[in-house]
Every structure is written in structure tokens, then in C-alpha cells.
Amino acid sequence: MVQIVGGKAGQVVETVTSRLTFYHYIERCAPCCVTNFINFCIPFVLNCFPPPPSPVPSVNFQVYAPGFISRFFESHAVMLQGNAGLKPKEGEVTSRPWQWPINYRGQFFSATKWKLLRAAVWLFGGWLIHYLPFYAMGRVLYFHHYFPALVFNSMLAGVMLDYITGRLPGWLRHACLGTAMAGLVYSFVLFSPLAYGMSGPFSHEPNSTLASLKWLSSWEF
């Protein structure tokens with residue numbers, strides 16, 4: 001048996017918002033929830049609740065199916081309730097949303113060399129999963145199909161660079177990282193005309209300013 005707490009006759013049960021009490025007909029008790037665990041029963045008198053009308057009318061439950069707006073607000077209500085229960089641990093460094101865009105406060109992550117290697121293995125596995133299946137495909141393929149695998153490849157490069165330079169002396173590690181960062185900035189500036197839109201003649205045409213960027217003959221621009 002089900003009773004809506006504070007409900008009225010004919011009221012429809014609503015998820016999230018309705019408060020219900022369940023009564024066990026055979027055991028003659030009402031299970032109560034304390035700290036999310038059902039752990040005891042309260043005896044009750046069955047005669048307090050009149051029997052349901054007979055026969056019970058046949059109802060199509062599709063009539064009570066919520067619409068899009070109802071499901072939208074319900075899902076967000078559940079999300080807000082769940083997020084409200086996530087509290088910071090003692091001594092945990094947290095931040096507020098207004099601090100993120102201006103980088104007001106960062107967040108530190110520490111990892112041992114074994115954690116770095118484990119992360120590298122997972123990233124390498126992600127790269128393989130997103131890359132190898134294309135060899136078995138018979139469909140037409142383009143370069144942009146590699147982009148999902150490229151994300152894992154880029155993260156793997158950062159993890160491996162951190163792992164390799166982590167064993168070096170401090171000054172040498174900073175020199176290597178600085179050289180790598182300088183190389184990234186230089187390559188970005190160098191190839192930016194290809195990323196933001198070409199202008200002028202193609203690389204194979206006379207007096208082309210892009211001819212020096214064609215490092216491989218297979219590149220077409």
C-alpha cells in the first residue's frame with residue numbers, strides 16, 4: 001500500500017517532489033528510511049486505510065507520462081539535489097566559478113612516476129582505440145578522422161615529456177621544457193597562415209610565400 005504524505009484524493013504521484021509512505025500489507029509495518037537505509041518498521045493498524053474500490057479501473061499509464069518540459073525541470077532538480085550533497089573535504093583546496101576565467105586560483109596535482117606511466121598506458125590505449133579501427137574500414141577516409149586520436153596523442157606527449165624530464169636536474173629540466181615550449185610557439189606562428197586561412201598563390205606557384213612551409217611533397221596547399 002502507498003500513501004502520499006499530505007496528499008489528497010485523486011492526486012497524481014510525481015517523482016522527486018512527492019513524499020510517499022509504503023505500508024507492507026502482510027508484515028503490518030511501514031518501513032522508514034533513516035540515513036538512506038531502511039532499518040526498522042513501525043506497526044500500524046490496517047483498518048485505518050479503506051480497501052481500494054473494486055474493480056480497479058484500467059488506466060493507460062501513458063496518460064501520466066511527463067512531457068519534455070517536466071522531464072527537463074525534473075532532471076535539473078535531481079542534479080541540484082545531488083550536487084548539494086557534494087561537500088569539500090577537510091583541508092581540500094576549492095575554488096569558486098568567478099575565479100576560473102581569470103585564473104585567480106589554480107589547482108595542484110601531484111603524481112609519482114608510476115602514476116605517470118599508468119596514465120601514459122591509458123592514453124596510449126585511447127590513441128590505439130581511436131586510430132587502429134580505421135585500417136579495417138572500407139569507407140572513404142579523410143584527415144579529420146584522426147582528430148579524436150590526436151587528442152590522446154597530444155596528452156600522451158605532455159605526460160611523456162614530464163616523465164622524461166622529471167629525472168633531470170632542475171636547471172636542465174627547465175631548459176628542456178623551455179625549449180619545447182619555444183618550439184611549440186614557433187611552429188604555431190610559422191604555420192598560422194595555414195590554420196587561419198591562406199592568401200596569395202599556392203605553394204607550387206611562382207613567388208609563393210607559402211613555398212617554404214611545404215616540408216613534404218605530399219602536402220597540398
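1. Let's start with the overall layout: the protein chain has four helices and four strands. Here helices are DSSP runs of H or I with at least four residues, strands are DSSP runs of E with at least two, and both are numbered from the N terminus. Read from the N terminus, the order of elements is β-β-β-β-α-α-α-α.

2. A quick word on what you're looking at. This is a predicted model, in which local features need pLDDT of at least 70 and side-chain atom pairs count only at pLDDT 80 or more, while totals for chains, interfaces and linings use all residues. Residues are numbered from 1 along each chain as its sequence is written, and side-chain values use heavy atoms, with hydrogens and water left out.

3. How much of the chain is buried? Of its 221 residues, 12% count as buried. Buried means under 20% relative accessible area, exposed means over 50%, and partly exposed is in between (1.4 Å probe, protein chains only).

4. Phe22 is partly exposed, because its relative accessible area is 46%. Together with Val2, Val13 and Leu20, Phe22 forms a nonpolar patch on the surface, with about 350 Å² of accessible area for the group. Patches like this are made of residues with over 30% relative accessible area and no salt bridge; nonpolar side chains (Val, Leu, Ile, Met, Phe, Trp, Tyr) are joined within 5 Å, and like charges within 9 Å. The areas come from the Shrake-Rupley method with a 1.4 Å probe, and for residues only the protein chains shown count as cover.

5. On to the helices. Two packed helices are described by the angle between their axes and the distance between the axes. Helix 2 (residues 113-131) packs with helix 3 (residues 147-165) at an angle of about 160°, and their axes are 8 Å apart. The axes are lines fitted to C-alpha atoms, for helices over the stretch in contact, and the angles run from 0 to 180 degrees between N-to-C directions. So helix 2 and helix 3 are roughly antiparallel to each other (angles over 145 degrees count as roughly antiparallel, under 35 as roughly parallel, 65 to 115 as roughly perpendicular and the rest as oblique). Their crossing is left-handed, meaning the near helix is turned anticlockwise from the far one by less than a right angle; clockwise would be right-handed.

6. Helix 3 also pairs with helix 4: their axes come within 10 Å and cross at roughly 155°. That pair is therefore roughly antiparallel as well, and the crossing of helix 3 and helix 4 is right-handed.

7. What forms a salt bridge with Asp162? The partner is Arg173, with the closest N and O atoms 2.5 Å apart. Asp162 lies in helix 3 and Arg173 in helix 4 (residues 170-195), so the pair ties together parts that are 11 residues apart in sequence. Asp162 is partly exposed at 32% relative accessibility, and Arg173 is partly exposed at 23%. The count comes to one salt bridge, taking a side-chain nitrogen of Lys or Arg within 4 Å of a carboxyl oxygen of Asp or Glu as the rule.

8. Finally, a few leucines. Leu161 sits in helix 3 and is partly exposed at 33% relative accessible area. Leu161 and Leu177 are 16 residues apart in sequence, with 8.1 Å between their C-alpha atoms. Leu194, in helix 4, is partly exposed at 30%. The C-alpha atoms of Leu194 and Leu213 are separated by 9.1 Å, and the two residues are 19 apart along the chain.
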